[in-house]
Amino acid sequence: MTGPSGKVLRGTEKPYQIKGVWYYPKADPDYDEKGIGSWYGEQFHNRKTANGEIFDMDAVSAAHKTLPLPSLVEVTNLDNGRRMIIRVNDRGPFVGDRVIDLSRAAADQLGYRRQGIARVRVRYVGPAPKSSFETRQYAQTPVTPPQPPVRQPVREDAEPVWPAEPPPVRTQIIPPRQSAFKVQAGAFSSRENAERAVAQLQSAGSATIERLERNSGTLYRVTVSAGEDEGQAWTLRDRVVALGYSGATVLRP
């Protein structure tokens, strides 16, 4: 298996050495780092990643030096506020103090492909599904508030005539969205299998099915409501794993 450096890595969780520096992969639930994010593309397109998958620069993925493979991380572009959850399946970057390497598609969605690098924050979310097909990406783009219209006179050679004021708009105050964690038990191509999983998970909590449309078909994702406390969410994940869903992951709000 090879990472972006082209070096052979003997296993995804064993210590390895790049350019004379040793790296020690491990799970770190408290991982939360700020630094420089970069991206990689054509030079490694269709080559194997460190965990044996095929790197696709047009798919959303990432490389990290020490987090387990595969993992889910939340990456925030601190320069524009964009944020998304990305599946890590490779090792890198091995340049300076960069903290993460994104695929070209991921860097494009986070808004820094043209610049090449950006200030980012990387937070560990949890273990990722073994198959990249079952991983859902999220992107949140800041919304620019609309600008008020500029009044213009109707004629320059006459007394200004202003357009009539628009009728008042009824506004509705929406309370802030409450943060709520969920535990994903799995994603299934069969609706029947998803319903069977919901039945098995009733002892863990309120399980629901979400329909996900993909180019390759429809998936039925089964999640269990985990409330607003992250610690309780990870405890619930352990219960879901104990019920036979070893790939269960915690989804942040």
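These legends describe close-up views of a predicted model. Local features need pLDDT of at least 70 and side-chain atom pairs pLDDT 80 or more, while totals for chains, interfaces and linings use all residues. Residues are numbered from 1 along each chain as its sequence is written, and side-chain values use heavy atoms, without hydrogens and water.

View A. Helices (H or I, at least four residues) and strands (E, at least two) are DSSP runs, numbered from the N terminus. Ala233, Leu236, Arg237 and Val240 are its buried residues. Buried means under 20% relative accessible area, exposed over 50%, and partly exposed in between (1.4 Å probe, protein chains only). Down the axis of H3, the buried residues fall within an arc of 110°, so they line one face; the arc is that of the directions from the helix axis to the C-beta atoms. They pack against strands S8 (118–127), S10 (181–188), S12 (217–227) and S13 (249–251), where contact means heavy atoms within 4.5 Å. Gln232 and Ala242, on the other side, are exposed.

**View B. The ends of H3.** Aspartate 229 caps the N-terminal end. One of its side-chain oxygens lies 3.0 Å from the backbone nitrogen of glycine 231. Just after H3, glycine 244 takes a positive phi of about 110°.

**View C. Aspartate 90 in strand S6.** S6 spans residues 83–90. Aspartate 90 is buried yet has no salt bridge, a salt bridge being a side-chain nitrogen of Lys or Arg within 4 Å of a carboxyl oxygen of Asp or Glu. The nearest side chain of opposite charge, arginine 91, is 7.1 Å away. A polar atom of the aspartate 90 side chain lies 2.9 Å from the backbone nitrogen of alanine 50.

**View D. Salt bridges across the chain.** The structure holds 12 salt bridges. Aspartate 32 pairs with arginine 121, closest N and O atoms 2.6 Å apart. Aspartate 32 sits in strand S3 (32–40) and arginine 121 in S8, so the pair ties together parts 89 residues apart in sequence. Arginine 104 and aspartate 58 meet at 2.5 Å, N to O. Arginine 104 is in helix H1 (104–109), and aspartate 58 is in the loop between S3 and strand S4 (62–63). Glu74, Arg83 and Arg123 are linked in a network of salt bridges.

Conventions: Polar contact = N/O pair within 3.5 Å; in protein donor to acceptor, adjacent residues only side chain to side chain. Lys, Arg positive; Asp, Glu negative; His and termini not counted.
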